[in-house]
Amino acid sequence: MAIIQAHSIKKHVVTSAGRLDILAEINLAIEPAETVAIVGASGSGKSTLLALLAGLDLPSEGHVSIDNVNLSNLDEEERAILRGDKIGFIFQSFLLIQSLTALENVMLPAELAGTENPEQQARELLEQVGLGDRLTHYPNQLSGGEQQRVAIARAFIGKPAILFADEPTGNLDRATGATIEDLLFELNQKHGTTLIMVTHDDRLAQKCDRIVRIESGCLQEAEYA
Amino acid sequence: MRKPWLAISWRLLRHELRRGELTVMALAVMLSVTAVLSLSIFSERLQAGLLERSAEFLAADRVLRSREEIDSEWLLKAEQEGLEVAQRVTFNSMVFANNELALADVKAVSELYPLRGELKTALEPFVEGEVTQVLPQRGEAWVHSGLFQQLPLALGGVIEVGEKTFTITRVLTQEPDAGFNVFTDSPTVLIPYQDLAATGLIQPGSRVSFNYLFAGEPSNLERYEEWLLPQLDTLTQRWRSVRDEESPLSSALERAERFMLLASLLGVVLAATAVAVAAQRYCQRNYDAVAIMKTLGGTRPLVSRVFTAHLLLLTLFSVAAGLALGFVVQAVVVWCVQSQLEYSLPAASASPWWLATLTGFLCALMFSLYPLLRLMRIPPLRVLRRELDGSELARWLHWIVSGGTVLLLMWLYSRSLILSVALFAGGLLATVLLLGIGRLFIRASRQAGMQAGSSWRLAMAGMQRRARQNSVQMLSFATAIMLFLLVLALRNELLDDWQSQLPETAPNYFVVNVAERQVDDMNAMFAAENIVATDLYPITPGRLMAINGDLVRDAVSKEERDDSNVRDGFGRELQLTWRNDLPPDNDIIAGRWFEPGEQGVSIESEVAERINVKLGDALTFRIGADEFTVPITSIREVNWNTMQPNFFMIFSPEAVNNAAATYIASFYLPQERKHELYTLFRDFPQASLIDVDDIIQQIRSVIGHVSLAITFVMFLVVLAGSLVLVAQVQATLEEREQELVILRTLGARSHLLSRAVTYEFLILGALAGLIATLAMEIIIFLLQTQVFSMEPSVHWRFWLLGPLLGAGVVAVLGGLTCRRLLRQRTATLIRNLV
Ligand SMILES: Nc1ncnc2c1ncn2[C@@H]1O[C@H](COP(=O)(O)OP(=O)(O)O)[C@@H](O)[C@H]1O
Ligand SMILES: [Mg+2]
């Protein structure tokens, strides 16, 4: 039974230059615990697809369901709650809240969800990503790699069923990127999370169970690992 | 119940405060609170102090003047209201000594007199007196120096008033309520109230003025007034307070109050502008945080609560800090001023505290409303599409809310809707004007930078691209600079104006009752003794009988000579004068001065308004037994602040036909020559002298500490203005940090960039300064002519100061902020951008 399903979704936007079709017609089903890489040239619509799959945006046509819930039938608040419940995120630019410490950034999703005492859990996660001694540091006191590790810890705190990552190593140098990748896959393995990752790094894509490629708005199922 | 949003917002606030990220917003709110609190406490205390001081001129807070004795129940009621009450009965009477007689102004005063101010007495005539706490005992009289000139008096000798003989025990040198009416004063003889009956002079039909003096808490006074005023007989009774005196002090006071009010209103508006700029920025910097929280599962109500609580907490913190600071500032200022005053300032009421708190919350919440609403609409998708910044909300909503708040603040602060609306409308107009001019200037500067070096070219290109935002920035720069210049210029104007009216050598004596045949002698004496004196003006009492042939009401009844204040006429005798030339410090505002040989009268403008006459109207006067009719040929504005004889009516000499007159002049005699007075005027026995030194000193001290107050207000306005500039520069540059960083990573060296920014701000600042100066001149012209009744003037120095100040301050702030941004942010931003 697929955890995420895209039913012929299309996305177009209206700009001053006219209508722009970003995604043509995309069908996709992702199984629980599967790891999927979305690859494609820059500007091909990877992030757009990711946003639709995660319920950050709605498709122009077709619909996405998560756990058989049609996201198009939910309003923005219900989608937010669903995201808080089931989904974790990691972004290229880390997107930590600058005025919260590493620990508080990790606690944030749990607090928004109303979890009691998330601090212990957050500490453990930061310990696991190797930042046990940097709990009270602010994001701008951490290196890029360290910030991304905080972001990873934050992504796992809600024990999400699905993890979305948009070019998680895009802003990092090769060596740091590699450690982040390892960490990501390791935690993913441990929690049995479904991972959907956008990347243009082929080597990273190869680590996934499955690679899909976007080209001129269409999806091509690429090679299986 | 758990409130996760409260915990989150508290945590955000704590860190942000510690890291200085909210400094500008917190400072702006704090400053507006500090400004409002300290200004309103200070001006309230100062005003109360000044009023108290001015009350000395009445010897009380309120005086009821009546032609007959009043119902004793009225006095009882006053005492029940917690007021102090004293009585003063005055009348003119011949007094005798050694079989010679002279006209004196007899004052019988009761215990407690004076309720405000002090009596001064001496043990010989024509010397500086000392403050005296007691009053003449029964059978004793204190006599004014002037009477020693006219009668063979001696201390310890006797003087007869009516049927009673008094022993002269002291020389009266100063009474607080001597008054400014220099025309009619005869020397005073002060006797105890208990001896009044024994003089036998109080009889039905005698012209006696009964004065009842009241003093006490303002609220008690008001309550009493409410009770009393409806019962007064307006024809024979008159209720007086300091404010309705036509005294130099009250006009100085009024102007000072207007200035304080205006300047502090501007200060409050400036502080509010700082809050508005900062609030915008506050919300912008939280765009990401909102998007992240929404992405991570925060619903809109939850996120809204987080940021609303955050803002409320921040405001609470800033308001509390502002109140504390405001109190301290005010206390320090009062402490400084206090050393210059001989009296202590009364405490302020609670209302400044409410006003300040309300201002803080209003500013913070109302100006943040629109940005906050926009903040809440940030879609979670922003985490992936970084350029999304919320769907456009109707802008007009923002303008209406902000404009409404400013108006509300002005109204709360000034409690005058008319003033607020007028200032607001003026401000609106100025804003549109500034915006328009700003855009024109920016467009025109396009060519200018093209040939210049690379930093300049970059600066110019930057300005072109951001013409729209820049004109808004320019607006806030220009507003801040303009308000600053305005307050500075007004302050200088006011102080100069006062100084010029009361120069060191302002006349400090009046001489009245000079006989016609002695005019030449007196002028010769002034010249010989090197005394600076005004011309000797002839005066004669007369009455206005008819306007354009219609009898004025008081012309028909002789009963109401003294106290009636009938609207259609004067209700009293006027002191009339005539001369060939316009007196100094009189300005003709309608008509023209007399041609030689012409018959006419020149009337003072406020009086003309009061009796509702205009140029060309025919006025009928009676002097003695003569009646004559003359047209109004000019309307004059009179500067009442000057210590010279001033007149409501001035006739052309031809109109009056040699009426019998006495003469009056004022002159300046230095303190150290005071002892010469006796000898100087020995040859003019019937002339009397009136000493106005004390009044002048009092006015000087009022002006002195009002200047201090004004300087303090200016300091606050400067602070508020600087904060606006800092907030705006910071907001401007932070909005552009991405662009700066991109240029940086493209290889632009950081000193090139910060120089480009400095140049851009140099141009912006200079333009803003220029526009500000222009606007300032227009506004100051309006204020001078409409509000302060002063001569309009052009401020050439400011045309240099404005642009220089603008360019300097804005460029330095811009350069510094830019350098700081580049240093701090490049590393982080580059990671985010690549
Ligand atoms: N709301 C939008 N308005 C205009 N253009 C958009 C919008 N959303 C996406 N695009 C355009 O669609 C294309 C795909 O964007 P994106 O999904 O971010 O690509 P990728 O992540 O593969 O680099 C880009 O050219 C982008 O500019
Ligand atoms: Mg992308």
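Reader: What is in contact between chain A and chain B?
Author: On one side 40 residues of chain A touch 31 residues of chain B, where contact means heavy atoms within 4.5 Å. Please note that this is a predicted model, in which local features need pLDDT of at least 70, side-chain atom pairs count only at pLDDT 80 or more, and totals for chains, interfaces and linings use all residues. Residues are numbered from 1 along each chain as its sequence is written, chains are lettered from A and ligands numbered from 1 in the order in which they are written, and side-chain values use heavy atoms, with hydrogens and water left out.

Reader: How much area do chain A and chain B bury between them?
Author: The two chains bury about 3,200 Å² between them, and carbon and sulfur atoms account for 61% of it. Buried area is the accessible area (1.4 Å probe) that two parts lose on being put together, summed over both.

Reader: How many salt bridges are there between chain A and chain B?
Author: There are two salt bridges between chain A and chain B, a salt bridge being a side-chain nitrogen of Lys or Arg within 4 Å of a carboxyl oxygen of Asp or Glu. One of them pairs A:Glu111 with B:Arg11, with the closest N and O atoms 2.8 Å apart. Seven residue pairs are in polar contact between the chains, both residues being at pLDDT 80 or more. A polar contact is a pair of N or O atoms within 3.5 Å; within protein, one must be able to donate a hydrogen and the other to accept it, and residues adjacent in sequence count only if both atoms are side-chain atoms.

Reader: And which classes of residue make up the side of chain A that touches chain B?
Author: That side of chain A has 18 nonpolar, 13 polar and nine charged residues. Here Ala, Val, Leu, Ile, Met, Phe, Trp, Tyr, Cys and Pro count as nonpolar, Asp, Glu, Lys and Arg as charged, and the others, Gly among them, as polar.

Reader: Changing topic: which residues come nearest to ligand 1?
Author: Of the 13 residues around ligand 1, the nearest are A:Gly43, A:Lys46, A:Ser47, A:Thr48 and B:Arg385. A residue is near a molecule if one of its heavy atoms lies within 4 Å of it. The site is shared between chains, because residues from chains A and B surround ligand 1.

Reader: Which atom of A:Thr48 lies 2.5 Å from an oxygen atom of ligand 1?
Author: It is a polar side-chain atom of A:Thr48. By contrast, A:Lys46 has a polar backbone atom 2.9 Å from an oxygen atom of the ligand, and a backbone N or O atom of A:Gly45 lies 3.0 Å from an oxygen atom of ligand 1.

Reader: Now chain B by itself: how is it divided?
Author: Chain B has domain 1 (1–52 + 249–415), domain 2 (60–248), domain 3 (417–505 + 692–700 + 728–834) and domain 4 (509–690); these bounds come from an automatic or database domain assignment.

Reader: How many residues of domain 1 of chain B are in contact with domain 3?
Author: In chain B, 24 residues of domain 1 are in contact with 28 residues of domain 3. The area buried between these domains is about 2,400 Å², with 74% of it from carbon and sulfur atoms. B:Arg255, B:Phe259 and B:Leu262 supply 27% of the area that domain 1 buries against domain 3, more than any other three residues.

Reader: What is the count of salt bridges there?
Author: The count between domain 1 and domain 3 of chain B is zero.
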